[in-house]
Amino acid sequence: MVVTTSDKIYDVIIVGSGAGGGMAAYILTQKKLKVLLLEAGRHYDPETETAMFNTPEQAPLRGVSTPDKNFGFYDATVDGGWEVPNEPYVSAPGSEFKWWRPRMLGGRTNHWGRYSFRYGPYDFKPYSRDGLGFDWPVSYDEIAPWYDKVERLIGVTGRAEGLENVPDSPPGCHLPPPAMRPHEAFLARGFKAMDIPVAATRAAILTQPHNGRPACLWATPCGHGCSIGANFQSPTVLLPVARATGNLVTRPNSLVYQVDMDRHGKASGVSFVDRITGEHHSARGKAVILSAGACESARILLNSKQGGLGNSSGLVGRYLMDTVGSSTAGYFPALEKLPRRNDDGMSVGHIYVPWWGLNKQKELGFARGYHIEIFGGQRMPSMSLMGDYTDRCATPFGAGLRQEMRQKYGAICSFDGRGEMIPNENSYCEIDPEVKDKWGIPVLRFHWKWSEHETRQASHMRKTFLELIDRLGGTPFEGLDTDGEKAISVGGEIIHEVGTARMGHSAKDSVVNSYGQSWDIKNLFIMDGGVMPSSPDKNPTETILALTWRNATYLADQARKGAL
Amino acid sequence: MSDLVRIDRRTTLKWLAAALAFSTHHGKSLAGGGTFMPSPQGYGTDPDINTVKPIEWDRIMSEHELKQTALLADLFLPGDATSPAPSALGIPDFIDEWISAPYPEQQSDRGIVQGGLSWLDQESAKKFGQDFTVLSDGQRVEMMTAMAAMPDFLFFKRLRNLVVAAYFSSDAGFKDIGYSGNVALDAFPAPTDDMLAIIDRECKALGV
């Protein structure tokens, strides 16, 4: 194998350009460090590559999901999805795991859901609270100032709610949330009748101009990308600032498979294959940050050395977690009474339901909570949405069918539960002994098992949705089974993998310290969801950004002191 | 809600068998597309989303099938003074694009739709002595009514779903159903007092 090595020695090499890698580049380049950013996918420019106002009619098959574009034609995922050409992964017998990977600059920040939450005080100390899982080596109070910085930079909506374990942000952090849509006001009444408090949405979408970026124009799905930069994407918010410092070199199509070591036991750089030419290269750096996503970063460590690099704890790849998911859709005749209006707004619900059962866990029979995301109203018709309405119409054909469609449009709402998984020994990734990718690099094999804490939670989600639909005079039509085993999502399906290189207090109980620094190799850092010791119900992106801001700041300080 | 519509595989196979038996009986290839081999290539994992390009895959429907589909589509959602008929919006072409696509969901629909269209002529011949396209309006409505009454008749249910969903997810369909979004706004409007009053009234009636 011919490996081309450059003489250039960077201060820091970052692997991956999503939430973690993008934020690390943003911080380190501004601190005048010379950074090489290696991205496995191609260059991507949301400004020119996002067909924001295109309608389904302009796409093949009305833009529906296909094996080529799993979330639809316009979804901002390039060359990826549940499968990436030439880059397989396997699930162990008896396990099912789905691994979503894009191959593009900015990674999953291009299509992510934009719900943006702080973890709460209990989320950092789950073991202390109920004896399950692992505590973080940091507390909410230590991370709070970094959440403040992230929210001030990227722009996150929210309102002070005064709810336990749902931290309110200091004044000036949150942007004003948008008004409720009519169907959301309706659903809020139902939740209120069930004694379930509803909160204003927390989303990384601008409701007013912010740091030179324009406000949301209240149309077009965020998941298609935003050419005006009104939501958070690494390529529109972080990377332009890093680039402007003159300290950033970005190399796309560079699939890193190994951290290289010098004879003093320190990282000297990385080796990667160019996905276009197939040529192998190595790059040299004084420090290496893995931000390839929890599973890909684990794969790099495990492929770097027999038994895994930085793996004296044996924990690399272990305690893999995803968010618990379950959904139900219902049809509400009461909503037929509303007149026509433009309900586009943000892609996310303008309200959401934070976990309300903190002190009821014993009676509930599962240990941790979930939040509810809501979709509905008079939204842009798609094949799937209109198909659902068609199936609700009693008139088989004729003018009456058209009338019924007009009458029903806007009356379907759906509910997504998003819950906390407790880390377990049966859920992990490792290197498959046989399967290799196109370039001969061994691939990941996933093992997955939900515990009863998760399946009971999924069952509770469904029962909650069904009760709400019933109280509001609706009819559920999808997601009806309340058997937790059947109600729960497939591992990986919610695309919140975390935990494969967890942080902790010592080299024995963790892969990295609270700064994401490898216990074994002090100039090697992990800055992605892999470092999380637990997986709160609150979506992980904002926490990845906050941890990375803090940890990249630490790295820069250490580098300046010559301590790496 | 998933974009995938689950289809009973056995039913699909039954339809395929019925269609093949019928076409053999008449001594012609299935739906004029008997030699069609699915293209292994769709639009790929990195299509140019800005440029509206011709669909990559070959179309498989015959002129006769397109005509049948147009008639059926216009029976599902007849046009009137203010609303165009599906055939005027290219819905039959869209159904062709759909069932011709090299993806599993669409390939499953191929058997259902082409098998059903084939059955339709057969059934029409039995009942009225001629194929569906030359029936009178009243006879076609009679056929539709009969199909609608058949329990678990997958062809009718699936074609109805595809036609209606394709119609209302078109730009003209947006207008017809009253979708007024996909336009840039300076601010997101809160519900009007009238809307809030409706919600209040409905909630009170429901006891919440």
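Predicted model: local features only at pLDDT ≥ 70, side-chain atom pairs only at ≥ 80, totals over all residues.
Local features here need pLDDT of at least 70 and side-chain atom pairs count only at pLDDT 80 or more, while totals for chains, interfaces and linings use all residues. Residues are numbered from 1 along each chain as its sequence is written, chains are lettered from A and ligands numbered from 1 in the order in which they are written, and side-chain values use heavy atoms, without hydrogens or water.

**Helix packing**

Two packed helices are described by the angle between their axes and the distance between the axes. Axes are lines fitted to C-alpha atoms, for helices over the stretch in contact, with angles from 0 to 180 degrees between N-to-C directions. Helices (H or I, at least four residues) and strands (E, at least two) are DSSP runs, numbered from the N terminus.

| Helix pair | Axes come within | Crossing angle |
|---|---|---|
| H2 (residues 63-76) and H5 (residues 137-149), chain B | 11 Å | roughly 75 degrees |
| H5 (residues 140-154) and H14 (residues 541-560), chain A | 8 Å | roughly 110 degrees |

On the H2(B) side, the contact (heavy atoms within 4.5 Å) is made by B:Leu71, B:Leu72, B:Leu75 and B:Phe76; H5(B) brings B:Arg140, B:Val141, B:Met144 and B:Met147. Seven of these residues are nonpolar, none polar and one charged (Ala, Val, Leu, Ile, Met, Phe, Trp, Tyr, Cys and Pro count as nonpolar, Asp, Glu, Lys and Arg as charged, and the others, Gly among them, as polar).

In chain A, H5(A) is likewise roughly perpendicular to H14(A).

Chain A has an open, mixed sheet of three strands in the order E3-E16-E15. E3(A) pairs with E16(A) (residues 442-447) in the parallel sense over two bridges; pairing requires at least two DSSP bridges.

**Aromatic pairs**

Over all chains, the structure holds 41 aromatic pairs. Rings of Phe, Tyr and Trp (its six-membered ring) pair if their centres lie within 6.5 Å; planes under 30 degrees apart are stacked, over 60 edge-to-face and the rest tilted. One tilted pair joins A:Phe124 and A:Tyr140, 6.3 Å centre to centre with 50 degrees between the planes. Both A:Phe124 and A:Tyr140 are buried (under 20% relative accessible area; exposed is over 50%, partly exposed in between; 1.4 Å probe, protein chains only).

Definitions and conventions
Parallel < 35°, antiparallel > 145°, perpendicular 65-115°, else oblique.
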